[in-house]
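Hi everyone, thanks for making time. I'll talk you through one structure today, so let's get it up on the screen.

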Amino acid sequence: MAATVMEGVLHAFEVVKEERIAAPAEIVFETILEQMGPLNSTPEKPMPMVLEAWPGGRWYRDLGNDSGHFWGHVQAIRAPVLLEISGPLFMSDPAVSNLQYRLTEEDGETVMRFRHRAMGWVGEQERAVDSGWSQLIGRIRAAAAERAGK
């Protein structure tokens, strides 16, 4: 069987968000690691992930018995101001993503700038990614503020 050549299937998207969080950057950074790692969830259920917080560390879902889903590698990390991950993330098609969290403190709060850029074979379900990131960022904001006692 000959290979099927498909044209016009490559796409790109970008999600950019900015959130002010009533907590110091150190607490926000630790909360990001927790919420992307062992406390990760979907609206329907917990979905714990492993995030190895060092350059080259993996971010993946461990399902046990040598099963799971690789989401990416830590491309850059500089606590408490930068976390950058590259990889396919949730996409099971040929695609690559770059994910960034940049934190700065302003007026007693932390400004979290989030950016997800992806390109490749992007399907319809991946185009709804904005709501998933909004849910994660909402959990980060609430958990960090609670940890900070605000």
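This is a predicted model: local features need pLDDT of at least 70, side-chain atom pairs count only at pLDDT 80 or more; totals for chains, interfaces and linings use all residues.

Residues are numbered from 1 along each chain as its sequence is written, and side-chain values use heavy atoms, with hydrogens and water left out.

Back to Glu34, then. Which residue does Glu34 form a salt bridge with? The partner is Arg147, and the closest N and O atoms are 3.3 Å apart. A salt bridge here is a side-chain nitrogen of Lys or Arg within 4 Å of a carboxyl oxygen of Asp or Glu. Glu34 sits in helix H1 (residues 25–36) and Arg147 in helix H2, so this pair ties together parts that are 113 residues apart in sequence. Helices (H or I, at least four residues) and strands (E, at least two) are DSSP runs, numbered from the N terminus. Arg147 is partly exposed as well, at 42%.

Searching the whole structure turns up nine salt bridges. One of them joins Glu19 to Arg141, with the closest N and O atoms 2.3 Å apart. Glu19 belongs to strand E1 (residues 10–21) and Arg141 to helix H2 (residues 129–147), so here the parts tied together are 122 residues apart in sequence. There's also a salt-bridge network, linking Glu18, Arg20, Glu106, Glu109 and Arg113.

Now for the strands. E2 (residues 50–51) and E3 (residues 58–64) run antiparallel, joined by two bridges; for two strands to pair, DSSP has to find at least two bridges between them. Leu51 has Trp59 in E3 as its bridge partner. The two strands make a hairpin with six residues between them, and Gly56 in the turn has a positive phi of about 85 degrees.

E3 also pairs with E4 (residues 67–78), again antiparallel, over six bridges. In that pairing, Arg61 stands opposite His69 in E4. This hairpin has two residues between the strands, and Asn65 takes a positive phi near 55 degrees.

Last one: Arg58 and Glu52 form a salt bridge, closest N and O atoms 2.7 Å apart. Arg58 is partly exposed at 36%, whereas Glu52 is buried at 13%.

Methods
Buried means under 20% relative accessible area, exposed over 50%, partly exposed in between (1.4 Å probe, protein chains only).
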